[in-house]
Amino acid sequence: MSIKYCDQHKDCERQRLYRRFCAALVGIILLLLLIVLIVWLVLRPTKPRFFLNDVSIVCINVSSASYLTVTMQATLASRNTNDRVGIYYDRADVYAEYRAMQITVPTSLPPFFQPPNDATVWAPFLSASNVPLPAYLATALTQDETAGYLLVTIRVDGWIRWKAGAFITSHYHLRVRCPALLTVNDGQGSYGSNAGGGLGYFKFQRAAPCIVDV
C-alpha cells in the first residue's frame with residue numbers, strides 16, 4: 001500500500017509541476033503580447049504616404065492587331081510620417097494600368113529602410129512591348145487619345161515592416177494606387193491617331209496623392 005501511495009504521490013507532483021510550467025509559459029506569452037500591444041498603441045505607426053509627382057510617356061502605340069507598346073517614366077515620392085517608427089521596404093514593384101488592365105511589366109525598386117519623418121523619391125521606367133489588348137481596350141485607348149485626355153494608373157505592390165527601437169513587426173502587404181491624368185496634344189487629341197507625337201505630346205496635369213492600403 002505504501003509503494004502504491006508513493007507512486008500516486010509522484011504522479012501528483014508531476015501533474016502539479018506540469019500545471020505550474022504551463023501557467024508560467026502562458027503568463028510569459030501574455031506578458032509579451034501585452035508589451036507589444038502597449039508599444040504599438042503608444043507609437044501608433046501609420047502607413048506611409050505616397051505622391052505621384054510626374055508621369056512622362058515616351059511612346060504609346062497600339063498596332064492594327066491590338067498589340068500595345070509603351071514606355072513611360074513615373075516619379076513617385078514616399079513619406080514616412082511617423083516620429084519614432086521606421087519602415088523597411090523589403091519588396092516593391094511598380095507598374096502601370098489602363099482601365100484596370102496591367103500594361104507594363106513590373107519594375108522592382110531596391111529594398112531599403114526609411115527612417116522616421118523621411119521622404120524617398122523614385123523615378124522608375126515602366127515599359128512593355130507587344131502587349132495583347134482586348135479589342136474594346138484598344139478602341140477605348142484610341143478614343144481617349146483622340147479626345148485629348150488619357151487616364152492611367154501607377155501602382156505599387158510590395159511588402160513592408162515597421163521598426164520601433166529593437167521591435168520589428170511582421171510583413172504587411174503594401175498596395176498603392178496613383179491615378180495620372182494626362183492631356184494629349186494640349187487637350188486637342190490625336191485626331192484618330194494613337195501614336196505618340198514627340199516631346200510634350202503627353203503632359204501630366206498635377207501632382208496627386210495616392211491611395212495607400214496596408
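Reply: A salt bridge is taken here as a side-chain nitrogen of Lys or Arg within 4 Å of a carboxyl oxygen of Asp or Glu. The model is predicted, so local features need pLDDT of at least 70 and side-chain atom pairs count only at pLDDT 80 or more, while totals for chains, interfaces and linings use all residues. Residues are numbered from 1 along each chain as its sequence is written, and side-chain values use heavy atoms, with hydrogens and water left out.

Five salt bridges are present in the structure. In one of them, Asp144 pairs with Arg99 at 3.1 Å, N to O. This pair links distant parts of the chain, 45 residues apart: Asp144 belongs to helix α2 (residues 135–147), and Arg99 to the loop between β3 and β4 (101–102). Helices (H or I, at least four residues) and strands (E, at least two) are DSSP runs, numbered from the N terminus. Asp144 is buried at 16% relative accessibility, whereas Arg99 is exposed at 51%; buried means under 20% relative accessible area, exposed over 50%, and partly exposed in between (1.4 Å probe, protein chains only).

Arg161 and Asp90 also form a salt bridge, at 2.7 Å from N to O. Because Arg161 lies in strand β9 (residues 149–164) and Asp90 in strand β3 (residues 86–98), the pair ties together parts 71 residues apart in sequence. Arg161 is partly exposed, at 22%, and Asp90 is partly exposed, at 25%.

Asp93 forms a salt bridge with Arg91, with 3.5 Å between the closest N and O atoms. Asp93 is buried at 14% relative accessibility, and Arg91 is partly exposed at 35%. Through shared partners, salt bridges join Arg91, Asp93 and Asp157 into one network.
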